[in-house]
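Please look over the sequence and the model shown below. The briefing that follows takes up a few local features, grouped by topic.

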Amino acid sequence: MITTDLRLNIFEKLLFDSTGIYFWKYSKDLKLEYSNCPDSQILCNFFYLDSCYTFLTDYLKQGNSAPLQINSDLSLLWFIVPHYDSDQLVSIYMIGPVFQTRIREAIFREYLQTKNMSLHSGMKLLSIIRNIPISDPFGEFKHLGCMLYSAIYDRKLDVTQIHSQVVSENGILPSPDFSRQMHNSEQSEALILKNVEDGKLGADDLLHSFTLPGTPGSMCPGDPLRQKKDECITFTTLITRAAVKGGYPYEYALSLSDTYIRSMEEAPGISEVEKIFFSCYTDFVEKVHQVKMNFQYSKAVSSLITLIDSCIFSDFSMEDAAHTLGYAKYYLTKCFKKETGLTVSEYLRNQRLETAKELLIHSNEDIVTISNRLRFSSPSYFSQQFRQYVGVSPSDFRDSH
């Protein structure tokens, strides 16, 4: 019989021989028990000083059991699998670290100075860092983590079950949800820009699951912060063009873009840059949406449409909407039907089904999850409504795309 220890021993050897990536085992209170790294104590001490350790401690205290891929501001990645037996945390297994892009030594020296490491430990760590491999966080490294999970639990791990977190010295970036990760970057980019051009609200989660164009480190090798700024600024330019194409005035778009780009340039860390970028995207979408609503509909109806579009993934109440907007429910529903040709319920259903089409094409979510997220009463009712609206079942629609 093949035991867990034997599977882990085989995995450890294959992992190091083929990639040079180290294997680690920690106790449930995060004390190092074993590693095949020859300088394990130095790297372990560095991990304890890093913000990733603080996040991991909180993650485990909250009872989280999902495998975790964690990434620091220095682009150092670890893959972590909590080992539970009978619902009790027994140990923590890790592989790493790897770089997602090579770091210039000067940047790493500056980082070490903030950690108050001794000169000897710092010099030794620098020599170790030079030999740390580079790996793609969205491909190879994630799949190696799946292999670690399989070695521990003797069952397959789907990549959609992985929790991924970017941690910086200044805070935690909202986690990208791999269950919604898009599988075609060019198609995803086009969809995001189309959302801006159309002023489509309620699709922010598509951006959080999107990897910005460019191979890690290709725009500014050795400086991950500069790399992230360049990526976000480049895509901000594309968003600005999409907003102008959608009807937002050129002068206003250029001014708004400049404001966000200046903020990105001044940001001190990767997480701050990404937060500014997400705000930029949301701001442009909202402004294009408002332009389109002002052009097509009365103030009352355009305000109602804005409110409905923000509730694609949440519950919507016409009574609450009327109260929020300061109109009588009867007046709002009558104006809405007259100007759009649809009832409020029909419009909301159609918007949710259009969103379902995008999720079926651009995400790995199963049909039950999509149905629940879009607030349909049951998966069977969702499938019925989808077939009625699109002409085919959700499964057939996904298969054909």
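**Briefing on selected features**

Serine 40 has its place in helix α2 (residues 40-49), where helices (H or I, at least four residues) and strands (E, at least two) are DSSP runs numbered from the N terminus. The model is a predicted one, in which local features need pLDDT of at least 70 and side-chain atom pairs count only at pLDDT 80 or more, while totals for chains, interfaces and linings use all residues. Residues are numbered from 1 along each chain as its sequence is written, and side-chain values use heavy atoms, with hydrogens and water left out.

- Serine 40 is buried, with a relative accessible area of 18%; buried means under 20% relative accessible area, exposed over 50%, and partly exposed in between, for a 1.4 Å probe and protein chains only.
- Apart from neighbours within four places in sequence, serine 40 is in contact (heavy atoms within 4.5 Å) with Trp24, Leu32 and Ser35.

**Strand β5 and its partners**

- Of the 12 residues of strand β5 (residues 88-99), 10 are buried, so the strand is largely enclosed by the rest of the structure.
- Strand β1 (residues 23-27) runs antiparallel to β5 and is joined to it by 5 bridges, two strands being paired if DSSP finds at least two bridges between them; tryptophan 24 stands opposite methionine 94 in β5.
- Strand β4 (residues 76-85) is also antiparallel to β5, with 9 bridges joining the two, and phenylalanine 79 has isoleucine 95 in β5 as its bridge partner.
- β4 and β5 form a hairpin with 2 residues between them, and serine 86 in the turn has a positive phi of about 55°.

**Packing of α1 and α6**

- The axes of helix α1 (residues 4-19) and helix α6 (residues 140-153) come within 8 Å and cross at roughly 160°; axes are lines fitted to C-alpha atoms, for helices over the stretch in contact, and angles run from 0 to 180 degrees between N-to-C directions.
- That crossing makes α1 roughly antiparallel to α6, a term for angles over 145 degrees.
- The contact includes Leu8, Phe11 and Leu15 of α1 and Leu144, Met147 and Leu148 of α6.

**Cysteines**

- A search of the whole structure finds 0 disulfides, a disulfide being a pair of cysteine sulfur atoms within 2.5 Å.
- Cysteine 44 is in no disulfide, and the nearest cysteine sulfur, that of cysteine 37, is 9.9 Å away.
- Cysteine 44 counts as buried at 1% relative accessibility, and cysteine 52 is buried with a relative accessible area of 1%.

Definitions and conventions: Angles under 35 degrees count as roughly parallel, over 145 as roughly antiparallel, 65 to 115 as roughly perpendicular and the rest as oblique.
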